[in-house]
Amino acid sequence: SHGHVLKAISTGWGGHLHFIGAVWGVPFVPYIQSPIAGKVHGDTHAFNDFTGPLAGKVRVRIAELRVLHDWELVYGIEAVYKADGALISGGVHHGPLNPKVTNQAVPLPEGTHIVKMYGKGGDVMDQLTIELNNGLTYTFGGQGGNPWALDIPAGRFVKAFAGGIGGHIHNLQVYY
(Lines give C-alpha, C1' and ligand atoms only; values in the text may rest on other atoms or scores of the structure.)
Protein backbone atom coordinates (compact mmCIF):
# COMPACT_ATOMS: atom_id res chain seq x y z
CA SER A 1 0.00 0.00 0.00
CA HIS A 2 1.01 3.64 -0.37
CA GLY A 3 3.89 4.69 1.92
CA HIS A 4 4.83 1.12 2.85
CA VAL A 5 7.96 -0.77 1.93
CA LEU A 6 8.91 -4.44 1.80
CA LYS A 7 10.29 -5.37 5.22
CA ALA A 8 10.67 -9.17 4.92
CA ILE A 9 9.94 -12.15 2.73
CA SER A 10 8.64 -15.43 4.11
CA THR A 11 8.87 -18.72 2.26
CA GLY A 12 7.98 -22.35 2.73
CA TRP A 13 10.07 -25.22 1.39
CA GLY A 14 9.48 -28.93 1.05
CA GLY A 15 11.74 -30.09 -1.78
CA HIS A 16 10.51 -27.13 -3.75
CA LEU A 17 9.01 -23.70 -3.06
CA HIS A 18 5.55 -24.12 -1.48
CA PHE A 19 4.73 -20.48 -0.88
CA ILE A 20 6.21 -17.00 -0.77
CA GLY A 21 4.85 -14.12 1.25
CA ALA A 22 5.74 -10.52 1.89
CA VAL A 23 5.69 -8.42 5.05
CA TRP A 24 5.02 -4.73 4.38
CA GLY A 25 5.47 -1.82 6.76
CA VAL A 26 6.36 1.81 7.05
CA PRO A 27 10.01 2.64 6.34
CA PHE A 28 12.30 3.22 9.32
CA VAL A 29 13.42 6.84 9.33
CA PRO A 30 15.96 7.52 12.09
CA TYR A 31 15.62 10.66 14.17
CA ILE A 32 18.28 13.27 13.47
CA GLN A 33 19.62 15.60 16.17
CA SER A 34 20.02 19.22 15.11
CA PRO A 35 23.04 21.38 15.91
CA ILE A 36 22.88 23.49 19.10
CA ALA A 37 21.24 26.93 18.86
CA GLY A 38 22.63 29.11 21.65
CA LYS A 39 25.56 28.87 24.04
CA VAL A 40 26.93 26.51 26.68
CA HIS A 41 28.20 28.11 29.92
CA GLY A 42 29.84 26.76 33.03
CA ASP A 43 26.47 26.64 34.81
CA THR A 44 24.57 25.08 31.88
CA HIS A 45 22.64 21.94 32.82
CA ALA A 46 21.84 19.77 29.81
CA PHE A 47 18.49 18.07 29.27
CA ASN A 48 17.41 15.63 26.58
CA ASP A 49 13.80 14.48 26.37
CA PHE A 50 14.65 11.99 23.60
CA THR A 51 17.24 10.02 25.59
CA GLY A 52 15.46 10.64 28.92
CA PRO A 53 11.68 10.33 29.33
CA LEU A 54 11.16 9.18 25.71
CA ALA A 55 13.89 6.51 25.65
CA GLY A 56 12.57 3.33 24.06
CA LYS A 57 9.21 4.88 23.17
CA VAL A 58 7.69 4.66 19.69
CA ARG A 59 5.01 6.59 17.82
CA VAL A 60 6.25 9.82 19.42
CA ARG A 61 4.77 13.22 18.64
CA ILE A 62 4.55 16.52 20.51
CA ALA A 63 1.03 17.04 21.88
CA GLU A 64 1.69 20.42 23.56
CA LEU A 65 4.57 22.85 23.95
CA ARG A 66 4.70 25.07 27.04
CA VAL A 67 7.12 27.99 27.08
CA LEU A 68 8.03 29.97 30.22
CA HIS A 69 8.91 33.56 29.31
CA ASP A 70 8.48 37.14 30.53
CA TRP A 71 8.16 38.90 27.13
CA GLU A 72 11.91 39.70 27.35
CA LEU A 73 13.69 36.34 27.87
CA VAL A 74 12.89 32.63 27.59
CA TYR A 75 13.20 30.91 30.98
CA GLY A 76 12.14 27.38 30.18
CA ILE A 77 10.18 24.87 28.16
CA GLU A 78 8.14 21.74 28.70
CA ALA A 79 7.07 19.48 25.87
CA VAL A 80 4.21 17.09 26.48
CA TYR A 81 4.51 14.11 24.16
CA LYS A 82 2.12 11.44 23.00
CA ALA A 83 4.21 8.26 22.93
CA ASP A 84 2.99 4.67 22.81
CA GLY A 85 -0.55 6.05 23.21
CA ALA A 86 0.17 7.82 26.54
CA LEU A 87 0.87 11.45 27.42
CA ILE A 88 4.42 11.90 28.79
CA SER A 89 6.01 15.13 30.01
CA GLY A 90 9.60 15.66 28.94
CA GLY A 91 10.01 17.58 32.21
CA VAL A 92 9.79 21.27 33.00
CA HIS A 93 13.23 22.58 32.06
CA HIS A 94 13.71 26.07 33.57
CA GLY A 95 15.84 28.32 35.68
CA PRO A 96 14.72 30.59 38.54
CA LEU A 97 11.45 32.36 37.72
CA ASN A 98 10.32 35.89 38.45
CA PRO A 99 6.76 37.21 38.98
CA LYS A 100 6.54 38.41 35.34
CA VAL A 101 7.04 34.92 33.89
CA THR A 102 4.07 33.38 32.13
CA ASN A 103 3.58 29.78 31.05
CA GLN A 104 2.24 29.95 27.51
CA ALA A 105 0.93 26.66 26.10
CA VAL A 106 0.49 25.75 22.44
CA PRO A 107 -1.62 22.62 21.84
CA LEU A 108 -0.56 20.47 18.88
CA PRO A 109 -3.50 18.24 17.97
CA GLU A 110 -2.98 15.10 15.88
CA GLY A 111 -1.51 16.06 12.50
CA THR A 112 -0.12 19.40 13.75
CA HIS A 113 3.68 19.65 13.94
CA ILE A 114 6.48 22.19 14.47
CA VAL A 115 8.22 22.60 11.11
CA LYS A 116 10.41 25.67 11.83
CA MET A 117 12.22 26.97 14.92
CA TYR A 118 14.16 30.20 15.16
CA GLY A 119 14.67 33.16 17.45
CA LYS A 120 17.22 35.52 18.95
CA GLY A 121 19.82 35.15 21.64
CA GLY A 122 23.13 36.16 23.11
CA ASP A 123 24.38 34.53 26.30
CA VAL A 124 20.82 33.27 26.91
CA MET A 125 17.75 32.76 24.74
CA ASP A 126 15.96 36.06 24.24
CA GLN A 127 13.32 34.81 21.80
CA LEU A 128 11.90 31.52 20.55
CA THR A 129 9.58 31.28 17.54
CA ILE A 130 7.89 28.13 16.29
CA GLU A 131 6.03 27.70 13.01
CA LEU A 132 3.47 24.93 12.59
CA ASN A 133 2.55 23.01 9.47
CA ASN A 134 -0.92 24.60 9.62
CA GLY A 135 0.60 28.07 9.05
CA LEU A 136 0.36 29.35 12.64
CA THR A 137 3.41 31.06 14.20
CA TYR A 138 4.05 31.63 17.92
CA THR A 139 6.79 33.88 19.34
CA PHE A 140 7.90 33.82 22.99
CA GLY A 141 10.29 36.17 24.82
CA GLY A 142 11.64 39.53 23.63
CA GLN A 143 13.49 41.21 20.79
CA GLY A 144 17.11 41.25 21.97
CA GLY A 145 20.04 39.17 20.78
CA ASN A 146 21.30 37.86 17.46
CA PRO A 147 19.15 35.76 15.09
CA TRP A 148 19.46 31.95 15.13
CA ALA A 149 17.59 29.18 13.33
CA LEU A 150 17.48 25.39 13.46
CA ASP A 151 17.36 23.88 9.98
CA ILE A 152 14.55 21.33 9.83
CA PRO A 153 14.47 19.77 6.35
CA ALA A 154 11.29 19.92 4.27
CA GLY A 155 9.04 16.97 5.02
CA ARG A 156 10.42 16.56 8.58
CA PHE A 157 9.15 18.03 11.84
CA VAL A 158 10.24 18.38 15.48
CA LYS A 159 9.84 15.10 17.38
CA ALA A 160 11.66 15.92 20.66
CA PHE A 161 13.63 18.63 22.48
CA ALA A 162 17.06 18.79 24.10
CA GLY A 163 19.07 21.75 25.32
CA GLY A 164 20.69 23.48 28.24
CA ILE A 165 19.40 25.66 31.07
CA GLY A 166 20.86 27.84 33.78
CA GLY A 167 19.11 31.02 34.90
CA HIS A 168 17.34 30.92 31.52
CA ILE A 169 17.34 28.71 28.45
CA HIS A 170 20.96 28.77 27.26
CA ASN A 171 20.52 26.59 24.17
CA LEU A 172 18.10 24.33 22.33
CA GLN A 173 18.38 21.33 20.04
CA VAL A 174 15.65 19.29 18.44
CA TYR A 175 15.24 15.79 17.07
CA TYR A 176 13.40 15.63 13.78
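Q: Where does R59 sit?
A: R59 is in the loop between strand 4 (45–48) and strand 5 (61–69). Strands here are DSSP runs of E with at least two residues, helices are runs of H or I with at least four residues, and both are numbered from the N terminus.

Q: What kind of model is this, and how are the residues numbered?
A: This is a predicted model, with residues numbered from 1 along each chain as its sequence is written. Local features need pLDDT of at least 70 and side-chain atom pairs count only at pLDDT 80 or more, while totals for chains, interfaces and linings use all residues, and side-chain values use heavy atoms, with hydrogens and water left out.

Q: Back to R59: buried or exposed?
A: R59 counts as exposed, at 64% relative accessibility. The cut-offs are under 20% relative accessible area for buried and over 50% for exposed, with partly exposed in between (1.4 Å probe, protein chains only).

Q: What about the phi of R59?
A: The phi of R59 is near 50°, which is a positive value in a residue other than glycine. Most residues other than glycine have a negative phi.

Q: Let's zoom out. How many helices and strands does the protein chain have?
A: The chain has zero helices and 15 strands. Its radius of gyration is 20 Å, well over the 16 Å that the globule rule gives for 176 residues, so the chain is more spread out than a compact globule. That radius is taken over C-alpha atoms, and the rule is 2.2 Å times the number of residues to the power 0.38.

Q: What does the C-alpha trace span?
A: Along its principal axes, the trace spans about 75 × 35 × 30 Å.

Q: And what percentage of the residues is buried?
A: Of the 176 residues in the chain, 42% are buried.

Q: Let's pick a strand. Where's Q127, and which residues does it touch?
A: Q127 is in strand 11.

Q: OK, so where is G142?
A: G142 is in the loop between strand 12 (137–141) and strand 13 (146–150). It counts as buried, at 5% relative accessibility. Beyond its neighbours within four places in sequence, G142 is in contact with W71, E72, L73, D126 and Q127.

Q: What else is in strand 11?
A: E131 is there too, and strand 11 covers residues 125–132. The side chains of E131 and Y118 are joined by a polar contact of 2.6 Å. A polar contact is a pair of N or O atoms within 3.5 Å; within protein, one must be able to donate a hydrogen and the other to accept it, and residues adjacent in sequence count only if both atoms are side-chain atoms.

Q: Which loop holds G122?
A: G122 is in the loop between strand 10 (114–121) and strand 11. G122 counts as partly exposed, at 28% relative accessibility. Apart from residues up to four places away in sequence, it touches K39 and G145.

Q: Last one: where's A79, buried or exposed?
A: A79 is in strand 6 (residues 74–83), and it is buried with a relative accessible area of 1%. Not counting residues up to four places away in sequence, A79 touches D49, E64, L65, I88, S89, G90 and F161. The C-alpha atoms of A79 and R61 are separated by 9.8 Å, with the two residues 18 apart along the chain.

Key:
Contact means heavy atoms within 4.5 Å.
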